[in-house]
Amino acid sequence: MSGVVEQDARLVVMANQIANNVPVGGEVPQQVADHIGKFWTGAMRADLKRIAEHSSDQLRQEVVAAVALLA
Amino acid sequence: MTVYERDLGTPAVSAETQVSLTIDGMPITVPEGTSIMRAAALVNAAIPKLCATDSLEAFGSCRLCLVEIEGRPGTPASCTTPCQEGMTVNTQTPRLDKLRKGVMELYISDHPLDCLTCSANGDCELQDMAGAVGLREVRYSDEGENHLSAGKDESNPYFTFDASKCIVCSRCVRACSEVQGTFALTIAGRGFGSEVSTAKGTDFLASDCVSCGACVQACPTATLQEKSVIDRGVPSRKVKTTCAYCGVGCSFTAELRGDELVRMVPDKQGGANAGHSCVKGRFAWGYANHEDRITEPMIRDSIDDEWRVVGWEEAIQFAADRLKKIQADHGIDAIGGITSSRCTNEEVYVVQKMVRAAFGTNNVDTCARVCHSPTGYGLKQTFGTSAGTQDFASVQDADAILVIGANPTDAHPVFGSRMKRRLREGAELIVIDPRAIDLVRSPHIGAQHHLQLRPGTNVAVVNAMAHVVVTEGWVAEEFVNERCDVESFKAWERFIALPENSPEALEETTGVPAAAVREAAETYAKAGNGAIYYGLGVTEHSQGSTMVMAMANLAMATGNIGRPGVGVNPLRGQNNVQGSCDMGSFPHEFAGYRHVSDDSARALFDSAWGVSLRGEPGMRIPNMLDAAVAGKFRGLYVQGEDIAQSDPNIHHVEAALKAMDCVIVQDLFLNETARFAHIFLPGTSFLEKDGTFTNAERRINRVRPVVPPLSGMSEWGVTCAISEAMGYPMPYADAAEIMDEIAALTPTFAGVSFALLDEVGSVQWPCNGEAPMGTPVMHEQRFVRGEGQFVTTPYVPTDERSTRRYPLLLTTGRILSQYNVGAQTRRTENTVWHAEDILDIHAADAEARGVADGDWIEISSRVGSTRMRARLSDEIPAGVVYTTFHHPVSGTNVITTDNSDWATNCPEYKVTAVEVRPSMGAGL
């Protein structure tokens, strides 16, 4: 696996894990977007958007929805 | 010149009632219950004594401290006689002189008269007292029965026990019991045959002794004596400083003879340790002068080249040129830095400032990423700030102590002793841990509840406890209504009351019987003062942050926040984890935990630093490593950290380091990470540093230079030089000036200065206009965030599960004698207790694999394998194995995975699915 592919795979795992763990009760996509916006770099967010665009099947639906909310 | 502290004979007493008396004609008023001995010492009418010392309860055995009290018959012992209103005490009378002389004569008649060549000459209370009572002759010959030929036990690497010099005052035995709580020593025999012995009757090394040094500290003669004093002589000067091992942050007096360190003595005035110590801080400082120390800068073009020793100027310019070239070729964000929790606040602060201001990126992270980053996240969400709630002394007021994923007697031993003292006094103990840690069953202590859960199910267990609290109606409603966000409480209450969170529903998942969870919940909720203490067994999980919030929920729901004896208390792993986090080491936060996107905070730093800072987070350590493997991240400044041994999935870490064009390591030794470095900058040991550490209770302590830096430069000075070579000067005159800048930019540190710390010893932040002398207990009137925030904490199983291929779960931890990756302790005599990492395995699992005690085994996970010896242990349940990570040769983190906490990326060190097989030996 190349380094870039490996990095993408890690971002997918991280994003899905966030969606799976945010507190219950709130809107999951918004919480995921807020968390990623607060803790991820711009480059990581851009990579996630690219992944969501081309390989959205790897991402939970809430993450795909969250990507649309990212600045 | 004396370097020794004044000893008032018996401990201080606190009482509302005061009593006034007269001692040798001098009036004094003291708290009721104060001994005559202590009161006399306070008016400088010191009474001769041998068995008394103010770190131990009065014993009344030596009969030297006798006094006369007007209107009372006899000559009572002043150490055991309390002051009373109107008393008139005489400490010097002809009758007392005669009695004391007689007593001393008997002691000396059975003591070697080798004072001039004795290692304690000048530091011997027996010698002092012989002088104080005016003893001029001994009428008894040494021909009668005596102990003068008793043997000497030299088995302990750090101190000797010379029975011929023992006066059987029991101070060592009492110190081991009262202060340390190990009960390793006793008085064997009776009458004239009484002698100090280990409880097992063995030598010290084979005994239960944990080498904390309390007995050596207490000994009034040369019976228990540091080998360093025997070798080097008694000290002639002292410097107060702070230990650089665990997050307890003990205060010590470094005692020197000239410029040579003779011993480290725990400081009785130390806010964190109150005169106690552990084997690491007391004795394991020899690494500071170890032959492996690198004291000259080194560079090399490629990691395949040999190191070339160069001067500071060349090394700094080489580093700056490489970093600038990387940024020119690959962009501003292609470099970053990692700060160290072993360095001072001032050293950490300048590194993160250099990264943000000189590098122009927020790619700065700290080793707290791999330990307590979930604490920062979870406590900020719920309470409003990223720190524990109490001071260590608070445990003395706890009625129920809940220890989760921590092993205080090994990892935070001085606090562990304080906790054990409270437990012996009657506080109840709940332990939530897969392992039966020492606290579960040790002398005079036993956990009322040990919830021996499956690794990875912390959240399920604490949710189940909270479920019981809510459904049984044990919520502290007044506290919740007055102090917490009620809406968030109601949402949490509905969530936690769901049947899926009941102990019965989760019993199969956690492996903990539902009844045991219910009983533990009742103990915690109904105790009065319930205190939570936790460690890396909480944070180093895929739900580490969730678990921190779950504990905060439980504490708030039961009203256990905001007063002594309660709270949520992280036991920090390294000495300055709290400080390195406070100083703005996280990529998303400036000093004082203000997010980089906060315009007002950023404007403050922009103005002070004269730059325009970035408003979006930088990369965390794992992000940096992933980006390095992807070729996007090319340069890293690593301050005092060994990520190639301490971080998970070592193969991945090594691949990342190999892929970089410039790795700068600033450290004492050529550590594992230095194998991949291009520039090595020699660091300073804690004995050479000038600055501050902040311990787990937010206590800011001074670290004072005991000796000059061996490399000739301070670490902060080196960082500033690189920054200047990068084009951004940071011209500080000294470390105090750095703290002044921190205080000016960080509201919680606004009142902190070296001058204040030198005056009062230490302060706990927040220390500012509202709390000029600091804040021992947080959230007393209101939470930092205003109202306490409840957060729903659904249990989500980790992806790391046992399988047919990897049926066992590995969990990792520390041992008392070693510290973290062992870079320091492996270079001391502490290796006598732990020379290698060993795998603890349950007898049933061992038998099923044909493994016997002491056998070499191979342990494999999905990411790697390593070999070590096995030890059959009943401290862990079947299905779980345990080891430490102190030795690079065993490479425990070769097998830990890159799973991490969902919110912070703190690695999931505590759960790795593995298989164990017999192996022929150490080689792979």
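Which residues lie nearest the centre of the largest cavity? I will come back to that after some ground rules.

This is a predicted model, in which local features need pLDDT of at least 70 and side-chain atom pairs count only at pLDDT 80 or more, while totals for chains, interfaces and linings use all residues. Residues are numbered from 1 along each chain as its sequence is written, chains are lettered from A and ligands numbered from 1 in the order in which they are written, and side-chain values use heavy atoms, with hydrogens and water left out.

Now the cavity. On a 1 Å grid over the protein atoms alone, a cavity is a set of points where a 1.4 Å probe fits but cannot get out; a pocket is an open set with protein on both sides within 12 Å along at least five of seven lines; lining residues have an atom within 4 Å of a point. Grid points are joined across faces, edges and corners, and a volume is the space filled by probe spheres set on the points. The count comes to 13 cavities of 30 Å³ or more. The largest cavity has a volume of about 570 Å³. Its lining has 38 residues, and those nearest the centre are B:Leu536, B:Gly537, B:Thr812, B:Gly813 and B:Lys910. The largest share of that lining, 3 residues, comes from β32(B). Helices (H or I, at least four residues) and strands (E, at least two) are DSSP runs, numbered from the N terminus.

Next, the second largest pocket, with about 1,100 Å³ of space. It is lined by 43 residues, and B:Val210, B:Asp410, B:Asp438, B:Ile815 and B:Leu816 are the closest to its centre. Here β36(B) gives the largest share of the lining, 3 residues.

On to the sheet. Chain B has an open sheet of 7 strands in the order β14-β13-β28-β27-β26-β15-β16, with mixed pairing. Two strands pair if DSSP finds at least two bridges between them. The edge strands, β14 (308–309) and β16 (364–366) of chain B, each pair on one side only. Helix α22 (residues 621–629) of chain B packs on the sheet and touches β15 (335–339), β16 and β26 (635–639) of chain B. Contact means heavy atoms within 4.5 Å. Within the sheet, β13 and β28 of chain B run antiparallel and are joined by 2 bridges; B:Ile299 has B:Ile679 as its bridge partner in β28(B).

Then there is β30 (residues 699–703) of chain B. It pairs antiparallel with β29(B) over 4 bridges, and also antiparallel with β31(B), over 3 bridges. B:Phe693 has B:Asn701 as its bridge partner, and B:Ile700 has B:Val763. In the hairpin of β29(B) and β30(B), with 4 residues between the strands, B:Arg698 takes a positive phi near 70 degrees.

Are the residues of β30(B) buried or exposed? Buried means under 20% relative accessible area, exposed over 50%, and partly exposed in between (1.4 Å probe, protein chains only). In β30(B), 5 of the 5 residues are buried. B:Arg699, B:Asn701 and B:Val703 point one way, and B:Ile700 and B:Arg702 the other. In a regular strand the side chains alternate between the two faces of the sheet.

Last, B:Thr719, in helix α25 (residues 715–725) of chain B. Why does B:Thr719 count as buried? Because its relative accessibility is 1%. Its contacts, not counting residues up to four places away in sequence, are B:Val350, B:Val351, B:Met354, B:Tyr637, B:Gln666 and B:Met730.

Definitions and conventions: Axes fitted to C-alpha atoms, helices over the stretch in contact; angles between N-to-C directions.
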